Structures are given as C-alpha cells and as structure tokens.
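User: I'd like to go through this one with you. Can you take my questions as they come?

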Amino acid sequence: MASVQQVDGGGTEPATDISEDELFDVLANQRRRFAVHLLKREEADSIAIGDMAEQIAAWENGIDMKEITGNERKRVYTALQQSHLPKMDDAGVVDFNKDRGIVEPTPALQNVDLYMDVVEGREIPWSDYYLGLSGVTVALTGAVWLDAWPFVLLPDMAWMLAIVVAFAFSAITHKYYTAEMKVGEPEEPPELT
C-alpha cells in the first residue's frame, strides 16, 4: 500500500518520498523501468494498462507498436496486471486500479529521475572522473605555485583559466549525458537508446 501523510485540513495526500530499497526494487525489473518511463513522459494523468502493455511490448521486441502480435501484447499485459503494477502500487510509485485497468502516477513517481550513475562498458563513473580531474588540477596548481618548468612559460591566470574551462566543459558534458539518461525525457527509455 502507498504510504500517506497528514496534511493541514484533515485530508491525506500520497507521500512524495520512496525509500531507496523500494526504488531499487521497483527499478530492478526492465518492464517496471519501462512503465516508469512511460508514465513520466505521458501528458495525461493516467494510462490504460492495455496502452501501456502495447508500448512496452514494442520496446521489448524492438518493433513499432503497429507490428506487435496479440501474444506479445498479452504476455506483457498479464505480467503488468498480476505482478509489476501491484508491486509498484505497494511501493507508492503508482496508483493501480485493477478493476478499471487504469494506472496513475503518484507524486513519488515525479521525484524519480535518474537515481544511479549509469556506467557502460569501459566508461568510468562521473564521480571518479571529477575526483581525477580535481587531482590533476591540484597538481597543476602546485606546479604553477612552485614556478616549476614548463609551467612558468604561461602566466598564472592562463592556468587558472585552463582549470575553469576543464571543469566547465566537464560539467556541460555531464549535464548533456545525464539529460539523455533521464527517465521519461527521451522518446524511448534510456536503456534502448
């Protein structure tokens, strides 16, 4: 069940926070990640489970929605109805009305953007990158301060500008990269792009 909190006026309102454990549990399954992505990008306040099943089946099979078979749609629909959406409802991420076949996002879902530093292949995490960049700039600053050769060839202000540019370029690149990985932002879920 979704947790609730008291609000002035005596009513209840769904909580906007979800514990890390619940969030990781919800995001542990690809179909649930697809459902979260779909709900975050939808402009409507709710979505029918059938429409959700069609889109998720298309993403899973790498085809257009018009090309999905009845079996592909039914397999996703059944899993969503019996397992995934009730689990998401229990975590407080969605409001799932099984009788009406309607799924509505909760305020907690709006707080789910990108929770993890996604690292693929030989990439390094952004936190390690920034730590390394900081180490290089500390060493550079020390060498400039000690007037070590060849760092004396350029004025101190040029080295300071180089450091600022390095961090600014890194931050812009990081912002662009994470914007592409946000749930609900691009047309397709981040793991398909």
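User: Which residues have the most contacts inside the largest nonpolar core?
Analyst: They are Met 52, Ile 56, Leu 80, Leu 85, Met 88, Val 93 and Val 103, in a core of 28 residues. A nonpolar core here is a set of buried Ala, Val, Leu, Ile, Met, Phe, Trp, Tyr and Cys residues joined through side-chain atoms within 4.5 Å. Buried means under 20% relative accessible area, exposed over 50%, and partly exposed in between (1.4 Å probe, protein chains only).

User: Which elements give two or more residues to this core?
Analyst: Helix 1 (20-27), helix 2 (30-41), helix 3 (49-61), helix 4 (70-91) and strand 4 (94-97) do. Helix 3 gives the most, with six residues. Helices (H or I, at least four residues) and strands (E, at least two) are DSSP runs, numbered from the N terminus.

User: Where do these coordinates come from?
Analyst: This is a predicted model, where local features need pLDDT of at least 70 and side-chain atom pairs count only at pLDDT 80 or more, while totals for chains, interfaces and linings use all residues. Residues are numbered from 1 along each chain as its sequence is written, and side-chain values use heavy atoms, with hydrogens and water left out.

User: Back to Met 88. What is it in contact with, leaving aside neighbours within four places in sequence?
Analyst: Val 26, Arg 32, Ala 35, Val 36, Val 93 and Val 94. Contact means heavy atoms within 4.5 Å.

User: And helix 4, where does it bend?
Analyst: At Leu 80, by about 50 degrees. The bend is the angle between axes fitted to the seven residues ending there and the seven starting there.

User: Which residues of helix 4 are buried?
Analyst: Glu 72, Val 76, Ala 79, Leu 80, His 84, Leu 85, Met 88, Asp 89 and Ala 91. What covers them includes helix 1, helix 2, helix 3, strand 4 and strand 5. Just after the helix, Gly 92 takes a positive phi of about 90 degrees.

User: New topic: is Arg 31 buried or exposed?
Analyst: Arg 31 counts as buried because its relative accessibility is 15%. This residue is found in helix 2. Leaving aside neighbours within four places in sequence, Arg 31 is in contact with Ile 56, Glu 60, Arg 75, Val 76, Ala 79 and His 84.

User: What about Pro 105, where is that?
Analyst: In strand 5 (residues 102-105). Pro 105 is partly exposed, with a relative accessible area of 23%. Pro 105 and Ile 47 are 58 residues apart in sequence, but 9.0 Å apart in space, C-alpha to C-alpha.
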